[in-house]
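The following exercises are to be worked with the sequence and the coordinates at hand. Each task is followed by a solution in steps.

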Amino acid sequence: MSEKQYGMVIDIRSCTGCQTCTIACKTSNEVPGEGRWCHLEDYYGGTLYMPNVDNEKVSLHFRPLLCNHCSDPLCVMNCPTGAMRKDEATGVVSVDQDICIGCSTCANSCPYGAPVLNEERKVMGKCNLCAGRTDNGDLPFCVQACPARIRHWGEITDPNSEVSKMIAEHHAEVYMAENGTNPSVYYILPE
């Protein structure tokens, strides 16, 4: 595990499904074609109404999905060329497109479907937590653009960081923890 691990906390209780994060990521990172490094999935909570049963209200929620910058990334473990890498200083997982052969092994290994093929260049691409921006003290594009301010970025290994405190206070959870990859993106879930 790296000394630091940067990650994100996403409060899906307030996500409106506006797709601003998806658009900001796609345009700012110049993701070509149909590729997306960030997108939303919708899911329902509660139960449907049944007569004579104590029912909850059915609700629609949105879960923003992106690379989880896992502590144990399957994409890195399975990349045949070493193009998929984890930065030991930050924990950020990225693709070296100069040595990527576009075989999609990383995409097939990733339980989150994060790496996508750049059809034009025949190499893989994915979220890198806007490493160039964050190195300069700026926020990732998706965090900066979110009008509902549901995304929070920072060092999750620092117990005094805002994101670590949010994870603890709200009992935030990772998505699909059963995969054993130890994701670095946490979600504050609706009650």
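**Exercise 1. A loop residue with positive phi**

Ser 104 lies in the loop between β5 (93–95) and α3 (105–109). The model is a predicted one.

Task: determine what phi Ser 104 has, and whether Ser 104 is buried or exposed.

Solution. 
Step 1. The phi of Ser 104 is near 70°, a positive value in a residue other than glycine.
Step 2. The relative accessible area of Ser 104 is 18%. Buried means under 20%, so Ser 104 is buried.

**Exercise 2. Leu 129**

Task: state where Leu 129 is placed, and what its relative accessible area is.

Solution. 
Step 1. Leu 129 belongs to the loop between β7 (123–125) and α4 (131–135).
Step 2. Although Leu 129 is not a glycine, its phi is positive, at about 55°.
Step 3. With a relative accessible area of 3%, Leu 129 is buried.

**Exercise 3. The open sheet**

Task: give the order of the strands in the open sheet and find which are the edge strands.

Solution. 
Step 1. The open sheet has 4 strands in the order β8-β1-β10-β9, and the pairing is mixed.
Step 2. The edge strands are β8 and β9, each of which pairs on one side only.
Step 3. At the β8 side, β1 and β8 pair in the antiparallel sense over 5 bridges. Here Ile 10 stands opposite Arg 151 in β8.
Step 4. At the β9 side, 2 bridges join β9 to β10, and these strands run antiparallel. Val 174 stands opposite Tyr 186 in β10.
Step 5. As to burial, β8 is mostly covered, with 4 of its 5 residues buried.

**Exercise 4. The helix across the sheet**

Solution. 
Step 1. The buried residues of α6 are Val 163, Ser 164, Met 166 and Ile 167.
Step 2. Exposed residues Ala 168 and Glu 169 are carried on the face of α6 turned away from its buried side.
Step 3. After α6 comes His 171, with a positive phi near 50°.

**Exercise 5. Aromatic pairs and charges over rings**

Task: state how many aromatic pairs the structure holds, and classify the pair of Tyr 6 and Trp 153 and the pair of Tyr 175 and Tyr 187.

Solution. 
Step 1. The structure holds 3 aromatic pairs.
Step 2. For Tyr 6 and Trp 153, the ring centres are 5.1 Å apart and the angle between the planes is 5°. Planes under 30 degrees apart count as stacked, so this pair is stacked.
Step 3. Tyr 6 lies in strand β1 (residues 6–11) and Trp 153 in strand β8 (residues 151–155), so the pair ties together parts that are 147 residues apart in sequence. Tyr 6 is buried, at a relative accessible area of 18%.
Step 4. For Tyr 175 and Tyr 187, the values are 6.4 Å centre to centre and 80° between the planes, and the pair is edge-to-face.
Step 5. Tyr 175 lies in the loop between β9 (173–174) and β10 (185–188), while Tyr 187 is in strand β10, so this pair ties together parts that are 12 residues apart in sequence. Both Tyr 175 and Tyr 187 are buried.
Step 6. Tyr 112, Tyr 175 and Tyr 187 form one aromatic cluster.
Step 7. Over the face of Tyr 187 lies Arg 63, at 5.6 Å from the ring centre. Arg 133 lies over the face of Phe 141, at 4.2 Å from the ring centre.

How values were computed: Residues are numbered from 1 along each chain as its sequence is written. This is a predicted model: local features need pLDDT of at least 70, side-chain atom pairs count only at pLDDT 80 or more; totals for chains, interfaces and linings use all residues. Side-chain values use heavy atoms; hydrogens and water are left out. Rings of Phe, Tyr and Trp (its six-membered ring) pair if their centres lie within 6.5 Å; planes under 30 degrees apart count as stacked, over 60 as edge-to-face and the rest as tilted. Buried means under 20% relative accessible area, exposed over 50%, partly exposed in between (1.4 Å probe, protein chains only). A charge sits over a ring if NZ of Lys or CZ of Arg is within 6 Å of the ring centre and within 35 degrees of the ring normal. Two strands pair if DSSP finds at least two bridges between them.
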